[in-house]
Amino acid sequence: MRVVRWPGALLTFVALSALAGMLVAVAVTPGVAVAGEGTSGAVAFFEDLPSYLDIKTPQQVSSVYATKDGQQVKIASFYAENRTTVASNAMADTLKRAAIDTEDPRFLDEGGIDVVGTLRGAAATVVGGDVQGGSSITQQYVKNVLVQECEELTGKNAADTAKKIAACYEDAAGVTPQRKLQEMRYAIAVNKKYSKDQILTGYLNLVGLGGRVYGAEAGAEYYFGVHAKDLSLVQSATLVAILNNPSNLRIDQPADTDNGSANGYAKTKERRDYVLQRMYVHHDVTKAQLDEAKATPVTPKITATANGCSSAATGYDAGYFCDYVRDQVLQDPAFGKTAAERIATLDTKGLEIHTSLDLDLQSQAQTALSTYVPATMAGVDVGGSNVTVEPGTGRILSMVQNTSYTQGDTAAAGSTAVNYSADSGFGNSGGFQTGSTYKVFTLAEWLASGRTLSESVSTTEHTFENAEFTNSCQNVSGGTWPVANAESVPSSMTVQAATSESINTAYAQMGKQLDLCKIAQLAQSMGIHRADGNALTQTPSSILGVNELSPIDLAEAYAGFANGGVVCTPTAIDSVTAADGTKITPSPSSCTQGVSAEVAGTVDYALQGVLTGAGTGASANPGDTVPKFAKTGTTDGDVQNWLVASTTKYTNATWVGNVQGQVSLANWPFLQGTTGYSAKFGVGKSMMSYLDQTVGGGALPTPDPAMIGQASHASTTTPSGQTQTGQTTQDQTDQDQTDQDQTDQAQTDQAQKGQQQNGK
């Protein structure tokens, strides 16, 4: 026999009974004042409780949009709770009636409190010793609002957050007389402030329906593949059945032995039929409708809303771009002061995130890359990426790679979560050595220091003393640096010719006349940073591209040269609006003058030669009239291969190489009869052809005649210096790192290996 704790239980009964007597008046006349002459101590306590409840916009699904055929298309969703708040007229009447008839038949007449249920609960409390009480729909709504507030709490760390949420739950839903009284107080206040339709709509938008599914709209879409306004009688009754016990009555677990497809979801059907019976009792369905509905089996049509970037990957080949967007949100203080707050903003605030992604261009880029670079190859961990940015804004227009996107820590062959286009902060990649694409910074410093394209430099020296180089920021180590060219070249050549043909020994000679520190500083002024976050290498061999960079970073710098020397940090987000209508302004792209307009224009002029005549990228030239410039890059044995091309309207960067390892790709067979070395030309030509037609480009920034040099080099149409002997149409002259200082190379290789292992 259970021992009844009379003093405590009796006190609760007296308090609740006294309140119930008072609340009868409220139930009959909802607008009547609660307090009156001669209120008991319990009622006085009740009156002293807070009555204001701040009903905020509930947690909702955030959506990511991109442009396709000029229209905005949703490509991904993020949520902690899968919920889409809808208006009353977007919910089926059968759903509303099912909820009222089952949960609170007196809802339309009561003053926020189910008085009969409260009296019954008070009596049960005395007999059973536990605090009980009938909850009206308004009370349930209040409880859900309070719980929702708990779930949005954040702390200093995960443990602190969990502690705060647990304490809040106890206050919001704990089984104590005080909590029940506070719930009633709030319910009466809510009933005075809002209409019955508003309360019912708010309730149906908040209720849990199993797992991460919340609210009528998400429940209808998830369980039946329809909108809430289109729910049938049977479907409405099923949802109301589920909300009674979401954990046990959900119908998305067909293998459940107690409530699965084998027994026709027996527990849910039993509760559903009870809901239907209540609707019949309250004259909302006829006997014929009741019988037909009860005879209908529970037939879910599970239609899940993907959480995260998987839908962007499967539907639009945009998983890596979507992941970049997520990283941008989680790192931007505009979305919250702390990482936890930013995650909460993304997962709960119902953001509409409109991005810079052009899905038509994205499709073209994926096709171009996949045509030449396979997802997997025996004997080599092959990688490839292509990214397009907009000069002057930093907007990322496309971002693709050769692998399939996965959200998991483990991945099947041909899949990875690592974004090769980005760096360690936006996709976990350690970057890749850039080869001769890095020479552009030596060229820019050459021009900025008062030298010209027409000056001749020696190409005959192949062993350089490190001590011959100047670095005003750090000591240059001793020893020698061997440098070679793949093919014979004249004993001297102009800087213009050396740039078009990417001659290593010529650029090494140029480096001897410059300050290595200033070259690195100029690169940084153009947005360049190592993908792993470490400081740029400033050894002599850095001239030929030993720093590991990301494709998006290199594209950013080249876009700066196309934009008159003004470089803009990459951004993937155009605008953001929260579900409550609040505009969130992301931290904008930062645009700064990296080099002078004169230097930028002259660099662009010089790099036009790469795509013409004997230039190393001539085979990628689409042959149209859109002004453009480019630079190729390879490393020893073509381990890494690059092509960056730009007009004033777009900059496109292609990387093909080893994700891990140092496999020589010079003659490694790729798709379409190409090799690991030449595949970049196929990708680049395909992209430039498409981009020239769809995006185009205007006149490139004007070069400085003084920086070009001799009068014969003053033309701004076709760079000269391309008729030197010993030229080759192959990019093998672009072997950036041949026989570099062994110590430096060993350190770099080891760093690259470690970075890629960590990134994978």
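**Charges over rings**

Analyst: In this predicted model, Lys680 lies over the face of Phe681, at 4.7 Å from the ring centre.

User: Which ring does the charged end of Arg451 sit over?

Analyst: A charge counts here if it is within 6 Å of the ring centre and within 35 degrees of the ring normal. Arg451 has its charged end 5.2 Å from a ring centre. That ring belongs to Trp446.

User: How many helices and strands does the protein have, and what percentage of its residues count as buried?

Analyst: The secondary structure comes to 26 helices and 20 strands. The protein has 760 residues. Of these, the share that counts as buried is 56%.

User: Among contacts between residues at least 6 apart in sequence, what percentage join residues at least 24 apart?

Analyst: The count takes contacts between residues at least 6 apart in sequence. The share joining residues at least 24 apart is 72%.

User: What is the strand order in the open sheet of five strands?

Analyst: The sheet is open and its pairing is mixed. Its five strands run in the order 2-1-3-15-16.

User: Which residue of strand 16 stands opposite Val576?

Analyst: Strand 15 (residues 573–577) and strand 16 run antiparallel. Two bridges join them. Opposite Val576 stands Ile584.

User: At what angle does helix 15 run to strand 3?

Analyst: Helix 15 covers residues 319–331. This helix lies across strand 2, strand 3 (352–358) and strand 15. Its angle to strand 3 is about 135 degrees.

User: Why does Ser589 count as buried?

Analyst: Ser589 has its place in the loop between strand 16 and strand 17 (591–593). Buried means under 20% relative accessible area. Ser589 counts as buried because its relative accessibility is 19%.

User: Which backbone oxygen does the side chain of Ser589 reach at 2.6 Å?

Analyst: Not counting residues up to four places away in sequence, Ser589 touches Thr393, Gly394, Cys568, Thr569 and Thr571. The backbone oxygen of Thr393 lies 3.2 Å from a polar atom of the Ser589 side chain. The backbone oxygen at 2.6 Å belongs to Thr569.

User: How many aromatic pairs are there, and what is the geometry of Tyr420 and Phe432?

Analyst: The whole structure holds 14 aromatic pairs. Tyr420 and Phe432 have ring centres 6.2 Å apart and planes at 85 degrees, so this pair is edge-to-face. Tyr420 is in the loop between strand 7 (415–416) and strand 8 (432–433), while Phe432 is in strand 8, twelve residues apart. Both are buried, and the geometry is edge-to-face.

User: How far apart are the ring centres of Tyr677 and Phe681?

Analyst: Both Tyr677 and Phe681 are buried. Their planes stand at 85 degrees, so the pair is edge-to-face. The centres are 5.6 Å apart.

User: Which residues do ring pairs link into a cluster?

Analyst: The links are ring pairs. The cluster consists of Tyr438, Phe441, Tyr558 and Phe561.

Conventions: Residues are numbered from 1 along each chain as its sequence is written. This is a predicted model: local features need pLDDT of at least 70, side-chain atom pairs count only at pLDDT 80 or more; totals for chains, interfaces and linings use all residues. Side-chain values use heavy atoms; hydrogens and water are left out. Two strands pair if DSSP finds at least two bridges between them. Helices (H or I, at least four residues) and strands (E, at least two) are DSSP runs, numbered from the N terminus. Contact means heavy atoms within 4.5 Å. Axes are lines fitted to C-alpha atoms, for helices over the stretch in contact, and angles run from 0 to 180 degrees between N-to-C directions. Buried means under 20% relative accessible area, exposed over 50%, partly exposed in between (1.4 Å probe, protein chains only). A polar contact is a pair of N or O atoms within 3.5 Å; within protein, one must be able to donate a hydrogen and the other to accept it, and residues adjacent in sequence count only if both atoms are side-chain atoms. Rings of Phe, Tyr and Trp (its six-membered ring) pair if their centres lie within 6.5 Å; planes under 30 degrees apart count as stacked, over 60 as edge-to-face and the rest as tilted.
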